[in-house]
Amino acid sequence: MSANRRLMDVLLACVLLVNVICSHGHPVDNSPLDLSRAPTTAAPVVSLEIYYETLCIDSVQFIVGQLHPTLQKIGHIVNVSMIPFGIASESFINGKHVFSCQHGPRECYGNVVQTCAIHLLTLTDPALPLRFIYCMQRSRDPSSAGQACAKEIGVNFGPIRECAEGRVGNKLLHEMEKRTKALRPKLNWVPWIVLNNEHTDQIQKEGSRNLLALICKVYRGTKPADCAA
């Protein structure tokens, strides 16, 4: 056997060995990577809290026109908390929290449905409740869109409905009320924007007009490509 033939046999054996190791270890992922969307420098993500009401037209316009497009572009540098309560009130009657919402009982139901979706879906995938909320808010009647929106994002609406119509949802919406009432300065408008644990008139103004630009401005890491768009 010639030296060249022996060398070829050795190389072939090495290739086969590598293939065996790969096929029995972690699966090889050939899916494309969108590296332009990945943060290149370690930095704290921007904390964003949105206090809103499901039937408030300003809330609808903000979530559909500002929040959702921003998260599509730079969602990886933002940690979003959604708090659906707004300018509502609460009383405690016969062992149950009773809510009165600015736009009536339908809004209270929409608020509790979204509260339950946040509670139930976040552990599965943090993006799911945001997709669910966006779907509801762009619907003709957000308060009645829960079932259709659950189907759209591929989740079962049954547990969300059960939560919303039972004691769990009642308690969860009470927690949204407590969080809203604890705001300083006090909420007097929705949507109410809190950025990195701070609310100012300037944050409210800039976030309402161009949320993408505001988040890009305060993010301390390497700016994503969409910040320059």
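**Notes on salt bridges and disulfides in this model**

1. Lys 178 pairs up with Glu 175 in a salt bridge, with 3.6 Å between the closest N and O atoms. Keep in mind throughout that this is a predicted model. Both residues sit in helix 7, 3 residues apart, which is about one turn of the helix. As for solvent, Lys 178 is partly exposed at 43% relative accessibility, and Glu 175 is partly exposed too, at 41%.

2. How many salt bridges turn up in the whole structure? The search finds 5. The background is simple enough: side chains of opposite charge can pair when their charged atoms come close.

3. Arg 179 and Glu 49 form one of them, at 3.9 Å from N to O. Glu 49 has 11% and is buried, because buried means under 20%.

4. Next, Arg 138 and Glu 152, whose side chains meet in a salt bridge at 2.3 Å, N to O. Arg 138 is in the loop between helix 4 (127–137) and helix 5 (146–153), while Glu 152 is in helix 5; they are 14 residues apart, and the pair links distant parts of the chain. Arg 138 is partly exposed at 40%, and Glu 152 is partly exposed at 47%.

5. Back to helix 7 (residues 167–181) for a moment, where you will also find Asn 170. At 11% relative accessibility, Asn 170 counts as buried. What does Asn 170 touch, leaving aside residues up to four places away in sequence? The answer is Lys 96, His 97 and Phe 99.

6. On to the disulfides: the whole structure has 4. With the bonded cysteines numbered in sequence order, they pair as 1-2, 3-6, 4-5 and 7-8. Among the cysteines, Cys 56 is buried at 6% relative accessibility.

7. Cys 101 is joined to Cys 108 by a disulfide, with an S to S distance of 2.1 Å. Why is this disulfide called right-handed? The torsion about its S-S bond is about 115 degrees, so it gets that label. Cys 101 and Cys 108 are both buried.

8. The disulfide between Cys 116 and Cys 163 also has S to S at 2.1 Å, but its torsion of -75 degrees about the S-S bond makes the link left-handed. Cys 116 sits in helix 3 (residues 105–121) and Cys 163 in helix 6 (residues 157–164), 47 residues apart, and the pair links distant parts of the chain. Cys 116 is buried at 0% relative accessibility, and Cys 163 is buried at 7%.

9. Finally, a disulfide connects Cys 135 and Cys 149, S to S 2.1 Å. This link is left-handed, with -80 degrees about the S-S bond. Cys 135 is in helix 4 and Cys 149 in helix 5, so the bond ties together parts that are 14 residues apart in sequence. Cys 135 and Cys 149 are buried.

Methods:
Residues numbered from 1 in each chain as written. Predicted model: local features only at pLDDT ≥ 70, side-chain atom pairs only at ≥ 80, totals over all residues. Heavy atoms only, no water. Helix = DSSP H or I, 4+ residues; strand = E, 2+ residues; numbered from the N terminus. Buried < 20%, exposed > 50% of the residue type's maximum accessible area, 1.4 Å probe, protein only. Contact = heavy atoms within 4.5 Å. Salt bridge = Lys/Arg side-chain N within 4 Å of Asp/Glu carboxyl O. Disulfide = S-S within 2.5 Å.
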